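This report describes selected contacts and packing features of one protein chain. The sequence and the structure are shown first.

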Amino acid sequence: MRIILLYLFLVISPALFAQLPISLLTPTERINAFDDYEGSMYMKGNYKESSIIDEKTGTFDAKLKYNFYTDALEYAKNSDLYVVNKNTTIHARIDGDYFYYCEFKTQRGLREEGYFVLVELNDRYRIYKKFTSKILNKIEGTIQRESTKGEIRMITTYYLEEAGVIMELPMNKKGMLAAFSDKKEELIQYLKQTKIRFRKEDDLIRLVSRYNALKNSDSGPSRSLLSNTDRNN
């Protein structure tokens, strides 16, 4: 079952929400480089009723939208544009999605930070998704070929996180079996019995949950979900 609510969102009544203080915002400028492109740099075009949790000061109402090109939560007031301060103690809920600014490490020890959307919460691991941009047929200067049109797309990547370390989840059978190679044979049997679609979020959650269950059945000392993948990177 999908659990995407952090306890901070559960224990505070919406009636107690206050207006967003300027101290949580940083002024910014509108980006117009993609005005002539197909697509949008925003996850959703309109500002949505949102809640912001600052662990130090409280919960606030605001209308926000997420810019996946700049990886920022935008807030507009009159003609001024702001972004919510990027801080690990400030979280936001926008239209059912829970955004957390995180500072993780990859299995190679590299730092990975930015906004991650919580998809699944477990006592051992979490599944997040992260949004990035892909620019197609980039327009150079003011020149654009008649046969092509610039396009900006949103790319969704899923991650498995355990104890602050993340691994990108492959979106295909071959990659997933390689990532979870210590339980490869069991997962092959599981895939034969189910209709897992690797690009469907709910199915991805099911597969990781199954792998977690297999790890829990181990009698060995290490049950870390990421321990087997160190040798593959």
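**Basis of the description**

The model is a predicted one, in which local features need pLDDT of at least 70 and side-chain atom pairs count only at pLDDT 80 or more, while totals for chains, interfaces and linings use all residues. Residues are numbered from 1 along each chain as its sequence is written, and side-chain values use heavy atoms, with hydrogens and water left out.

**Strand pairing around strand 12**

Helices (H or I, at least four residues) and strands (E, at least two) are DSSP runs numbered from the N terminus. Two strands are said to pair if DSSP finds at least two bridges between them. Strand 12 (residues 165-168) pairs with strand 8 in the parallel sense over two bridges, and Lys105 has Val165 of strand 12 as its bridge partner. Strand 12 also pairs with strand 11 (residues 151-162), here in the antiparallel sense over four bridges. In this second pairing, Glu161 has Ile166 of strand 12 as its bridge partner. The hairpin of strand 11 and strand 12 has two residues between the strands, and Ala163 takes a positive phi near 55° there.

Arg108 is located in the loop between strand 8 (97-106) and strand 9 (111-121). With a relative accessible area of 64%, Arg108 is exposed; the classes are buried for under 20%, exposed for over 50% and partly exposed in between, with a 1.4 Å probe and protein chains only.

**Salt bridges**

Side chains of opposite charge can pair when their charged atoms come close. A salt bridge is counted where a side-chain nitrogen of Lys or Arg lies within 4 Å of a carboxyl oxygen of Asp or Glu, and the count by this rule comes to 11. Three of these pairs are set out in the table.

| Pair | N to O distance |
|---|---|
| Lys44 and Asp95 | 2.6 Å |
| Asp71 and Lys130 | 3.5 Å |
| Asp203 and Arg206 | 3.2 Å |

The salt bridge of Lys44 with Asp95 links distant parts of the chain, 51 residues apart: Lys44 is in the loop between strand 2 (25-27) and strand 3 (48-54), and Asp95 is in the loop between strand 7 (90-94) and strand 8. Both ends are partly exposed, Lys44 at 31% relative accessible area and Asp95 at 41%.

The salt bridge of Asp71 with Lys130 joins positions 59 residues apart, with Asp71 in the loop between strand 4 (58-67) and strand 5 (72-77) and Lys130 in strand 10 (residues 126-136). Here Asp71 is buried at 12%, and Lys130 is buried at 7%.

Asp203 and Arg206 lie three residues apart in helix 4 (residues 201-216), so they are separated by about one helical turn. Asp203 counts as buried at 4% relative accessibility, whereas Arg206 is partly exposed at 36%.

**Aromatic pairs**

Rings of Phe, Tyr and Trp (its six-membered ring) pair if their centres lie within 6.5 Å; planes under 30 degrees apart count as stacked, over 60 as edge-to-face and the rest as tilted. The structure holds 13 such pairs. One of them joins Phe116 and Tyr128 edge-to-face, at 5.9 Å centre to centre and 75° between the planes. Phe116 lies in strand 9 and Tyr128 in strand 10, so this pair ties together parts that are 12 residues apart in sequence. Phe116 is buried with a relative accessible area of 0%, and Tyr128 counts as buried at 7%. Phe116 also pairs edge-to-face with Tyr159, at 5.7 Å centre to centre and 70° between the planes. That pair links strand 9 to strand 11 across 43 residues, and both of its members are buried. Elsewhere, Tyr66, Phe99, Tyr101, Tyr115 and Phe131 form one aromatic cluster.

**The cavity**

A cavity is a set of points, on a 1 Å grid over the protein atoms alone, where a 1.4 Å probe fits but cannot get out; lining residues have an atom within 4 Å of a point. One cavity of 30 Å³ or more is found in the whole structure. The largest cavity holds about 60 Å³ of space, and its lining includes Lys44, Tyr66 and Phe99. Strand 4 supplies the largest share of that lining, three residues.

Conventions
On a 1 Å grid over the protein atoms alone, a cavity is a set of points where a 1.4 Å probe fits but cannot get out, and a pocket is an open set with protein on both sides within 12 Å along at least five of seven lines; lining residues have an atom within 4 Å of a point. Grid points are joined across faces, edges and corners, and a volume is the space filled by probe spheres set on the points.
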